[in-house]
Amino acid sequence: MSRRLRSFARIGVRVAVVASCAFVAAGTAAVVPGDTAEPAVAADCFEPTVTTGGTRANDQARVDPHTERLPEVPTVQARLAAGSVRIPTYINIITAKPLTDTLLVKREKQAVRQVRVLNRSYSGRSAADAAQSPFRFSLVQTRFVVNSVWATMGYGSAAEQAAKATLRVGGAGTLNIYVADIGDDLLGWATFPQQFDANPTNDGVVLLTGSLPGGSSEPYNRGDTGTHEVGHWLGLYHTFQGGCQPQNDLVQDTPAEKSPAYGCPAGRDTCRATGVDPIDNFMDYSDDICMDRFSPGQSSRMASQWVTFRSGR
């Protein structure tokens, strides 16, 4: 599953292409030992411009080219205590040419902040009534990789496959994140747990550099593209999956919605029989500032998916 930013003009300067692939800082590491405070983000990242219709005036939007669910595989119904699962996390920052010392420091700080955002979101500290999931994330290593082809990888491309084949570490329970200036105006994409056995090398999450906390992809620059894509990696579908159909996203306590929500359309109700659309849920397409929760049902689904497809593998 992926998120797309339509009509997004990248703010950064295009860098020269280099032909070689090399680790610039192979041993660079930053460890997040536990849950930490929400990272500060520049104030001008907080106020998205929204039209009365609920989408941004400049037509920036998340779009997912993949709308079908995978065939459901029977899962072990599991209950895991809040915070009981610690996920080792590796973040690969892929660029077309070596970064300056200033940008190296900035990107490494953004990687740390991204993991803090994940911990805040998955611990339920982002909203008073958000679910506390079992999952917490420890940043084991941030690696800086120079490769002119991988730096602009597209979804399902040979460049994506090559990057993951070279960089991926760990088993099914290790989160590998690849950060790049990805193609097709996508904010990111992820694999699902049940896909691991068939193609373990492909497992992981890909993010647009500008979606990291404090990045250039406003209003999607508070780190919640990472939260959203890791949700897929842990087995969640979009809240609008299947529209108003009874099965919808396969989670009972997320009200169905007919279509994705864009911007911050409070009170939107597209499937009136099930309640107001969950535009504040991390698995919708709302602006980052509007996303602040997982539901208890989503937490339960992630736990079952973890035990069935990722734990101990």
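This is a predicted model: local features need pLDDT of at least 70, side-chain atom pairs count only at pLDDT 80 or more; totals for chains, interfaces and linings use all residues.

**Entry 1: disulfides**

I started at C264, which is partly exposed, with a relative accessible area of 26%. For my own reference, buried means under 20% relative accessible area, exposed means over 50%, and partly exposed falls in between, using a 1.4 Å probe and protein chains only. Residues are numbered from 1 along each chain as its sequence is written, and side-chain values use heavy atoms, with hydrogens and water left out.

Which cysteine does C264 pair with? A disulfide joins C264 to C290, S to S 1.6 Å; the cut-off is a pair of cysteine sulfur atoms within 2.5 Å. C290 is buried, with a relative accessible area of 12%. I read 105 degrees about the S-S bond of C264 and C290, and that link is right-handed.

My search of the whole structure gave two disulfides. C244 and C271 form a disulfide with their sulfur atoms 1.8 Å apart. The torsion about the S-S bond of C244 and C271 is about -85 degrees, so this disulfide is left-handed. Both C244 and C271 lie in the loop between α3 and α4, so the pair ties together parts that are 27 residues apart in sequence. C244 is partly exposed at 39% relative accessible area, whereas C271 is buried at 5%. With the bonded cysteines numbered in sequence order, I noted the pairing as 1-3, 2-4.

**Entry 2: the chain as a whole**

Next I read off the secondary structure. The protein chain has four helices and seven strands, where helices (H or I, at least four residues) and strands (E, at least two) are DSSP runs numbered from the N terminus. Along the sequence, I wrote the pattern down as β-β-β-α-β-α-β-β-β-α-α.

Of the 313 residues of the protein chain, 57% count as buried. I then looked at contacts, meaning heavy atoms within 4.5 Å. Among contacts with a separation of 6 or more, residues 24 or more positions apart account for 77%.

**Entry 3: helix α3**

Is helix α3 mostly covered or mostly open? I found α3 (residues 224–233) mostly covered, with 10 of its 10 residues buried. The buried residues of α3 include H228, E229, H232 and W233. After α3 comes G235, whose phi is positive, near 110 degrees.

**Entry 4: nonpolar cores**

I looked for nonpolar cores, which are sets of buried Ala, Val, Leu, Ile, Met, Phe, Trp, Tyr and Cys residues joined through side-chain atoms within 4.5 Å. The largest has 32 residues, and those with the most contacts inside it are I87, Y122, F135, F137, L175 and L234. β3, α1 (101–122), β4 (135–146), β5 (175–180), β7, α3 and α4 each supply at least two residues of this core. The most comes from α1, with six residues.

I followed L175 further. Leaving out residues up to four places away in sequence, L175 touches I87, P88, T89, Y90, L118, F137, V205, V230 and W233. A second, separate core has 18 residues, including V145, A159, Y178 and L187.

**Entry 5: salt bridges**

How many salt bridges does the whole structure hold? My search found 11, counting a side-chain nitrogen of Lys or Arg within 4 Å of a carboxyl oxygen of Asp or Glu.

R301 and E72 meet through their side chains in a salt bridge at 3.3 Å, N to O. This pair links distant parts of the chain, with R301 in helix α4 (residues 296–309) and E72 in the loop between β2 (22–23) and β3 (85–95), 229 residues apart. R301 is buried at 12% relative accessible area, while E72 is partly exposed at 40%.

R310 forms a salt bridge with D203, the closest N and O atoms being 2.9 Å apart. R310 lies in the segment after α4 and D203 in the loop between β6 (186–190) and β7 (205–208), so the pair ties together parts that are 107 residues apart in sequence. R310 counts as buried at 1% relative accessibility, and D203 counts as buried at 1%.

One more for the notebook: D129, D280, D292 and R293 are linked in a network of salt bridges.
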